[in-house]
Amino acid sequence: MRFDSPRTILHGAGSRHQLTEILPAKRVLIVTDAWLVQAGVVAPIVESLGAEVCVFDGVQADPTDANVEAGLAALTGFEADGIVAFGGGSSIDCAKAIRFQSGALPLVAVPTTAGTGSEATPVMVITDTAAGVKRMTRDARLMPDVAIVDYELSMSMPKALTAHVGVDTLTHGIEAYVSRKRHALTTGLAHSCIERCVRSLRRAWVDGGDREAREAMALAALEGGLAFGNSSVALVHGMSRPLGALFHIPHGLSNAVLLPEVTRFSYGGAEELYGEIAAVFGVDRSKAAFIEWLEDLNRDLEVPRLRDCCGNDFERFRASISKMAVDALASGSPGNNPVVPTAAEIEEIYLAAW
Ligand SMILES: NC(=O)c1ccc[n+]([C@@H]2O[C@H](COP(=O)([O-])OP(=O)(O)OC[C@H]3O[C@@H](n4cnc5c(N)ncnc54)[C@H](O)[C@@H]3O)[C@@H](O)[C@H]2O)c1
Ligand SMILES: [Fe+2]
């Protein structure tokens, strides 16, 4: 069994101020998105870095191969000797891809959502624009050297984003917990991730200024990343990436709308493990109670239905289902699910979630 993690993880309020001392670089490329620059959160980071800085803010949500190429050109032109990924999973994944293609520059990941856990995974998801596919790559060299998890950066997230990225975190915990690749070092982290989500996700959504809840969700995201990065995600993620690629549904939202139906399909393959999660939810160990809990969570967080995310265009959805099922299977994630589905079963789950 193998466990990869960043060499150093800093966390807690204000930990972002330790960026300069932890990154010994003279010319730093910051990889981020335009919204974060406009919101004024990048400027203090630039000022605090005792180095020359180039800000590349060309990352779009669900980053593409074109974003990576533009970032790589910025890095080369600037002759950077260190990279800071500053933003949500999109900025962090784009920075990972840039670093991967440019060699072994030090990479510090500073998440501003809570979150994908990408700050602590050897995984990136980059859209292949020609194929219309969100491609997941796993390689130990993608792991950031340092992760700085400062929950204060996540406090500006509006309610919808808090809900989407929070259910993404919960899904990482659940999928890592039931994954066929789970092992002794990942289950504890996955369990803790789920516990924190159960206690704090609703609180963070109701009151974005709740520091305790925001901190718990930032830590849950980190634990979720460490857990699934060293085991795997499974069918929810396998099916959500094609939805994101074709219908441009934000990653966490596409997980949230699939989670109840996918769990209905998967439960029988790992009843014991789902039962342990049910105990954390505080419900009995039946499949029905488990799924009801997930549906209640979606309702409480005002997560829309899948059909609303697809503009209620059922014909287009139905026409896309067979490509989505093929792409989902090709990603490999469904193979780690407690019940390994066929393409036809995946199509049925998409229809049931509609
Ligand atoms: N590499 C991994 O391990 C991994 C894991 C899960 C998901 N992902 C990928 O991560 C991407 C999704 O990342 P994400 O969900 O963090 O969102 P994101 O990075 O796509 O950001 C979504 C939006 O939120 C904004 N935002 C970011 N921080 C904010 C803040 N503090 N306050 C207000 N707005 C803020 C951004 O500007 C952007 O407009 C997807 O591409 C997904 O596939 C990667
Ligand atoms: Fe995810």
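**Figure 1. The whole chain, a predicted model.** Local features are described at pLDDT of at least 70 and side-chain atom pairs count only at pLDDT 80 or more, whereas totals for chains, interfaces and linings use all residues. Residues are numbered from 1 along each chain as its sequence is written, and chains are lettered from A and ligands numbered from 1 in the order in which they are written. The chain contains 15 helices and 8 strands; these are DSSP runs, of H or I over at least four residues for helices and of E over at least two for strands, numbered from the N terminus. A compact globule of 354 residues would have a radius of gyration near 20 Å, and the 19 Å of the chain agrees with this. The radius is taken over C-alpha atoms, and the globule rule is 2.2 Å times the number of residues to the power 0.38. Along the principal axes, the C-alpha atoms fill a box of roughly 55 × 45 × 40 Å. Of the 354 residues, 52% are buried. A residue is buried if 20 or more other C-beta atoms, placed from the backbone, lie within 10 Å of its own, exposed if 12 or fewer do, and partly exposed in between.

Figure 2. Axes are lines fitted to C-alpha atoms, for helices over the stretch in contact, and angles run from 0 to 180 degrees between N-to-C directions.

**Figure 3. The hairpin of strand 6 and strand 7, with K134.** Strand 6 (residues 123-128) and strand 7 (residues 133-138) pair in the antiparallel sense over 6 bridges. Between the two strands lie 4 residues, and G132 in the turn has a positive phi of about 65°. D128 stands opposite V133 of strand 7. K134 lies in strand 7 and counts as buried, with 23 C-beta neighbours inside 10 Å. Leaving aside residues up to four places away in sequence, K134 touches D62, V125, T127, R241, G244 and A245; such a contact requires C-beta atoms, placed from the backbone, within 7 Å. K134 and D327 are 193 residues apart in sequence, yet their C-alpha atoms are 9.0 Å apart in space.

**Figure 4. Helix 6 with helix 10 and with helix 11.** The axes of helix 6 (residues 159-178) and helix 10 (residues 251-266) come within 8 Å and cross at roughly 35°. This crossing is left-handed. Residues in the contact include H164, V165 and D168 of helix 6, and L253, N255 and L259 of helix 10. By class, this contact has 6 nonpolar, 6 polar and 1 charged residues. Helix 11 (residues 271-281) packs with helix 6 at an angle of about 145°, their axes being 9 Å apart. Here the crossing is right-handed. I174, Y177 and V178 of helix 6 meet L273, Y274 and I277 of helix 11. By class, the contact of helix 6 with helix 11 has 6 nonpolar, no polar and no charged residues. A crossing is left-handed if the near helix is turned anticlockwise from the far one by less than a right angle, and right-handed if clockwise. Ala, Val, Leu, Ile, Met, Phe, Trp, Tyr, Cys and Pro count as nonpolar, Asp, Glu, Lys and Arg as charged, and the others, Gly among them, as polar.

**Figure 5. Loop residues E302 and N312.** E302 lies in the loop between helix 12 (287-300) and helix 13 (306-309). Although E302 is not a glycine, its phi is positive, about 55°. E302 counts as exposed, with 10 C-beta neighbours inside 10 Å. N312 is found in the loop between helix 13 and helix 14 (314-330). N312 is not a glycine either, and has a positive phi of about 55°. With 11 other C-beta atoms within 10 Å, N312 is exposed.

Note on methods:
Contact = placed C-beta atoms within 7 Å. Pairing = 2+ DSSP bridges.
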